[in-house]
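Subject: Handover of a structure

Dear colleague,

Please find the structure below, followed by an account of what was found in it.

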Amino acid sequence: MTDIRSMTEEELEKELAAMGEKKFRAAQIFEWLHRHRAESFEQMSSLPAALRGRLAESFSLVTLRPVRILTSQTDGTKKFLFELPDGNVIESVWMRYRHGNSVCISSQVGCRMGCRFCASTLDGLVRGLTASEMLEQVYRIGSLTGERVDSIVVMGSGEPLDNYDALVRFIRLATNPKGQDISNRGITVSTCGLVPEIYRLADEGLGITLALSLHASDDETRRRLMPIARKYDLAEILAACKAYFHKTGRRISYEYSLVHGVNDTRKEAQALGRLLSGQNCHVNLIPVNPIKERDFTRSGREQIEAFQKTLEGCGINATIRREMGRDIDGACGQLRRSYLKKEAEERKTL
Ligand code: SAH
């Protein structure tokens, strides 16, 4: 059955015309799905009962079921574990900032990029999420918190550019003025650096922010941390990022996770400064969140601050990421993993 929440209003109009329904019904249904975040066809009270019945027979309506909600005692950050219609589980995060509320969503179940320090990729990729499953993370969190979602970061589990078509569809639906009307400037997509897709994204005319996971200032170190670096080298990635900036006018945000003894020395900060010199960009320093499956450790506070100072000395704008919700299961993919492990153990003892 066709997934109705992933459809554009034009696609809905076509489907409804084929069913012999009036065009204005498409606009009504679109609003129910995206503005009112409807969870059932039954709820669409402005539609005739017969039409609601026909919709239920012809379309599937994706809704996510919250299976766990954890609230941080220190900063109010909330982590959500959602069950998808096929039983897979994913995690999303809600954060409150001074400038508004932000939701961090997953783009895939698992991931196949294999970054060494990341928990999301340990069991590989299960599948990409549909546009409706990405939207539903935002919609359910909006309903459950009762607060407006101002910005979205696609920085949860998965590689968004490895799920390109669904991602772009999701962004167009999330920013639709007839839906949640989230500003394009409020959307950030984080990638490990899939070069052809960065060029493609620059041409979509979306005006969203691109965050690039750099994590190293030379190819050799980057290859140690990220297998994808064997496919695209830094020169190719930086050229794609520059093209993205020139096309969209949106400055790139580079992410750099500091791993003790791997990429955190002053020399490396200087090399990073040289690599990015002259670019209108921003560097986000992330103290690595250790995962128990790997023996990476985080750099000390002083080392992190020295790294930031060195970058700033090179004229690069750099901030240290404030950690949110550390008390509720740290890094991307850890909550999902601990949940799945517990489930498996419970099944064993049944
Ligand atoms: N696939 C996308 C988005 C995923 S994660 C990407 O690679 O950008 C978002 C960011 O968190 C990425 O920069 C990722 O490298 C980083 N990250 C993942 N696990 C981490 C960990 N354990 N500690 C610090 N940063 C981590």
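How exposed is Arg-172, in terms of relative accessible area? Arg-172 is partly exposed, with a relative accessible area of 40%; buried stands for under 20%, exposed for over 50%, and partly exposed for what lies in between, computed with a 1.4 Å probe on protein chains only.

The model is a predicted one, in which local features need pLDDT of at least 70 and side-chain atom pairs count only at pLDDT 80 or more, while totals for chains, interfaces and linings use all residues. Residues are numbered from 1 along each chain as its sequence is written, and side-chain values use heavy atoms, with hydrogens and water left out.

Salt bridges

The structure holds 19 salt bridges, each being a side-chain nitrogen of Lys or Arg within 4 Å of a carboxyl oxygen of Asp or Glu. One of them joins Arg-172 to Glu-204, with 2.7 Å between the closest N and O atoms. Arg-172 belongs to helix H5 (residues 164-174) and Glu-204 to the loop between helix H6 (195-202) and strand S11 (209-213), so the pair ties together parts that are 32 residues apart in sequence. Helices (H or I, at least four residues) and strands (E, at least two) are DSSP runs, numbered from the N terminus. Glu-204 is partly exposed, at 23% relative accessibility.

A salt bridge also links Lys-292 and Glu-293, whose closest N and O atoms are 3.9 Å apart. Lys-292 is exposed, at 71% relative accessibility, whereas Glu-293 is partly exposed, at 31%.

Helix H3

Helix H3 spans residues 49-58, and Leu-51, Arg-52 and Leu-55 are buried in it. These residues lie on the same side of H3, because they cover an arc of only 100 degrees around the axis, the arc being that of the directions from the helix axis to the C-beta atoms. On the other side of H3, Ala-49, Ala-50 and Glu-57 are exposed. The buried residues of H3 pack against helix H1 (9-18), helix H2 (24-34) and strand S2 (59-60), contact meaning heavy atoms within 4.5 Å.

Strand S14

Thr-319 is placed in strand S14 (residues 317-320) and is partly exposed, with a relative accessible area of 33%. Leaving aside residues up to four places away in sequence, Thr-319 touches His-282, Val-283, Asn-284, Leu-285 and Gln-308.

With kind regards
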